Amino acid sequence: MRFLYQNGRGEQKERTVCVYGMFEREGVAYFCGLDNVTDDIRTFRCDRIVRAWRPSKAYAIPADFNLNDYLFFEFDFADRPPVAATFSFAPQTQIDMINGLTRGRGELAHTDAGWTWTVDVRNLEAAASFCMAHAMDGMRPVAPKSLKQAWNHLIERTVHEHARA
């Protein structure tokens with residue numbers, strides 16, 4: 001598909017992409033596929049397409065393509081370099097639940113103390129919020145220190161808001 005795309009900074013560029021898959025995240029539609037500019041699989045927001053032209057030829061989706069590898073987490077959205085963040089899970093947490101939550105992204109490690117998950121994040125505050133949303137599943141922030149500080153700030157803000165009620 002050939003289209004004119006406007007990125008988050010308002011810059012427009014014509015792209016041609018072999019679309020491999022589509023998904024929706026929080027009411028926004030995305031598609032991903034092989035981009036002719038980067039020769040890599042990239043993801044694009046559908047609402048940022050300014051104009052599109054009818055496809056001119058057929059292509060094949062690679063057999064090893066897995067759309068789950070390209071789904072976003074809340075912490076993927078920021079214009080910052082990625083930082084390795086580590087989370088822990090309680091020892092009794094089932095691996096099926098962890099696999100569903102982590103979607104095969106990052107690295108899982110198992111010790112006697114339980115599971116740890118290390119994944120690149122671009123927004124530490126969003127990563128702390130993601131962790132908080134799964135605290136009932138035994139998820140806790142481990143590193144870096146700034147992730148733990150963001151987690152503590154969320155707790156302090158929540159306590160402060162509820163103390164005023």
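Reply: A definition comes first: a polar contact is a pair of N or O atoms within 3.5 Å, and within protein one of them must be able to donate a hydrogen and the other to accept it. Please also keep in mind that this is a predicted model.

Me: With that definition, which side chain is joined to that of Arg105 by a polar contact?

Reply: Arg105 sits in the loop between helix 1 (95-102) and strand 7 (107-111). Its side chain is joined to a partner by a polar contact of 3.0 Å, a value to be read against the limit of 3.5 Å. The partner is the side chain of Asp76.

Me: Does Arg105 count as buried or exposed?

Reply: Leaving aside its neighbours within four places in sequence, Arg105 is in contact with Asp69, Leu71, Phe73, Phe75, Asp76, Trp117, Val119 and Asp120. The cut-off for a buried residue is under 20% relative accessible area. Because the relative accessibility of Arg105 is 18%, Arg105 counts as buried.

Me: What is the order of the elements of the protein from the N terminus on?

Reply: The secondary structure comes to three helices and nine strands. Read from the N terminus on, these elements run β-β-β-β-β-β-α-β-β-α-β-α.

Me: What radius of gyration does the protein have?

Reply: The C-alpha atoms fill a box of roughly 55 × 40 × 25 Å, taken along the principal axes. For a compact globule of 165 residues one would look for a radius of gyration near 15 Å, but the protein has 19 Å.

Me: How far apart do the centres of the positive and negative side chains lie?

Reply: The protein has 20 positive side chains and 21 negative ones. The centres of these two sets lie apart by 7 Å.

Me: Which residue caps the N-terminal end of helix 2?

Reply: Helix 2 covers residues 124-133, and its buried residues are Leu124, Ala126, Ala127, Ala128, Phe130 and Cys131. At the N-terminal end of this helix, a side-chain oxygen of the capping residue lies 3.0 Å from the backbone nitrogen of Glu125. The capping residue is Asn123.

Me: Which residue is joined to Pro144 by a cis peptide bond?

Reply: Most peptide bonds are trans. Pro144, whose place is in the loop between strand 9 (140-143) and helix 3 (145-164), takes part in a cis bond with omega of about 0°. The residue joined to Pro144 by this bond is Ala143.

Me: What is the phi of Asp39?

Reply: Most residues other than glycine have a negative phi. Asp39 lies in the loop between strand 3 (28-35) and strand 4 (40-45), and it counts as exposed because its relative accessibility is 61%. Although Asp39 is not a glycine, its phi is positive, at about 55°.

Me: Is Arg103, which also has a positive phi, buried or partly exposed?

Reply: The place of Arg103 is in the loop between helix 1 and strand 7, and its phi is about 55° although it is not a glycine. Because its relative accessible area is 24%, Arg103 is partly exposed.

Me: How far apart in space are Asp112 and Pro91, C-alpha to C-alpha?

Reply: Asp112 is found in the loop between strand 7 and strand 8 (114-121), and it is exposed, with a relative accessible area of 82%. In sequence, Asp112 and Pro91 are 21 residues apart. In space, their C-alpha atoms are apart by 7.4 Å.

Me: Which residues does Thr86 touch, not counting those up to four places away in sequence?

Reply: Thr86 lies in strand 6, and because its relative accessibility is 17%, it counts as buried. With residues up to four places away in sequence not counted, Thr86 touches Thr116, Trp117, Thr118, Arg140, Pro141, Val142, Ala143 and Leu147.

Conventions:
Residues numbered from 1 in each chain as written. Predicted model: local features only at pLDDT ≥ 70, side-chain atom pairs only at ≥ 80, totals over all residues. Heavy atoms only, no water. Helix = DSSP H or I, 4+ residues; strand = E, 2+ residues; numbered from the N terminus. Rg over C-alpha atoms; globule rule 2.2 N^0.38 Å. Lys, Arg positive; Asp, Glu negative; His and termini not counted. Charge placed at Lys NZ, Arg CZ, Asp CG, Glu CD. Buried < 20%, exposed > 50% of the residue type's maximum accessible area, 1.4 Å probe, protein only. Contact = heavy atoms within 4.5 Å.
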